[in-house]
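The following exercises are to be worked with the sequence and the model at hand. Each task is followed by a solution in steps.

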Amino acid sequence: MRKAVYPGTFDPVTYGHLDVIKRGSRIFDELVVAVGHNPLKDPLFTIKERMDMISKNIREIKNTRVDCFKGMLTDYMKEMQTNVILRGIRTVSDFEYEFQRALTNRVLKTDIETVFIMTSQEYSFLNSSLIKEAVSLGGDISMFVPSDVEKLLQRKFANKKSTYA
């Protein structure tokens, strides 16, 4: 059985992430979507909120599950008993960044393999930071995220605005 881990912050999950999950699920027997705790980032959503958003939007994909991890991805990979990391690539700059990460992971754990999937063209410009910025300014993000995620984002930013008023 071939298992892969698709790690990320997913703050929030976007149609681009969901595209990679759907396509990755067709390649691997099991795909673990792993929400990571990155101490260098200040996420808008808690790990539980991010896991819930993903779970709700991938429940029809039977060979996927959502998990979370802290610490080194390579340690988590050992715990998951797999050596395959799935990563989505949108742009050339993504490739350069992910290529460096893949090589670093392989130095840390020599049997790690990273599989790259090019995101579909319609999602190639999406990233969570731009979506958060757009919603914070009142923009329509319905074409970028599922409706449940859009509502959660709007609620988060409505709460933030009320604290500034």
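**Exercise 1.** Determine which residues T9 is in contact with, leaving aside its neighbours within four places in sequence.

*Solution.* The model is a predicted one. First, locate the residue: T9 lies in the loop between β1 and α1. Next, collect its contacts beyond the sequence neighbours, which are V35, G36, K41 and R50. Finally, inspect the side chains: those of T9 and K41 are joined by a polar contact of 3.3 Å.

**Exercise 2.** Decide whether T9 is to be classed as buried or exposed.

*Solution.* The relative accessible area of T9 is 17%. The cut-off for a buried residue is under 20%. T9 is therefore buried.

**Exercise 3.** Describe the largest pocket by its volume, its central residues and the make-up of its lining.

*Solution.* Begin with the volume, which is about 1100 Å³. The lining consists of 41 residues, and those closest to the centre of the pocket are G8, T9, K41, R87 and R101. Then sort the lining by class: 15 residues are nonpolar, 17 are polar and 9 are charged. Last, assign the lining to elements. At least two residues each come from β1 (3–8), α1, β2 (30–37), β4 (84–89), α4 (92–108) and α5 (128–136). The largest share, 8 residues, is supplied by α4.

**Exercise 4.** Compare the span of helix α1 with the expected value, and state which of its residues are buried.

*Solution.* Helix α1 covers residues 15–27, 13 residues in number. From its first C-alpha to its last it reaches 19 Å, close to the 18 Å expected at 1.5 Å a residue. At the start of the helix, a side-chain oxygen of T14 comes to within 3.1 Å of the backbone nitrogen of G16. The buried residues of α1 are G16, H17, L18, D19, V20, I21, G24 and S25.

Key
Residues are numbered from 1 along each chain as its sequence is written. This is a predicted model: local features need pLDDT of at least 70, side-chain atom pairs count only at pLDDT 80 or more; totals for chains, interfaces and linings use all residues. Side-chain values use heavy atoms; hydrogens and water are left out. Helices (H or I, at least four residues) and strands (E, at least two) are DSSP runs, numbered from the N terminus. The expected span of a helix is 1.5 Å times one less than its number of residues. Buried means under 20% relative accessible area, exposed over 50%, partly exposed in between (1.4 Å probe, protein chains only). A polar contact is a pair of N or O atoms within 3.5 Å; within protein, one must be able to donate a hydrogen and the other to accept it, and residues adjacent in sequence count only if both atoms are side-chain atoms. On a 1 Å grid over the protein atoms alone, a cavity is a set of points where a 1.4 Å probe fits but cannot get out, and a pocket is an open set with protein on both sides within 12 Å along at least five of seven lines; lining residues have an atom within 4 Å of a point. Grid points are joined across faces, edges and corners, and a volume is the space filled by probe spheres set on the points. Ala, Val, Leu, Ile, Met, Phe, Trp, Tyr, Cys and Pro count as nonpolar, Asp, Glu, Lys and Arg as charged, and the others, Gly among them, as polar. Contact means heavy atoms within 4.5 Å.
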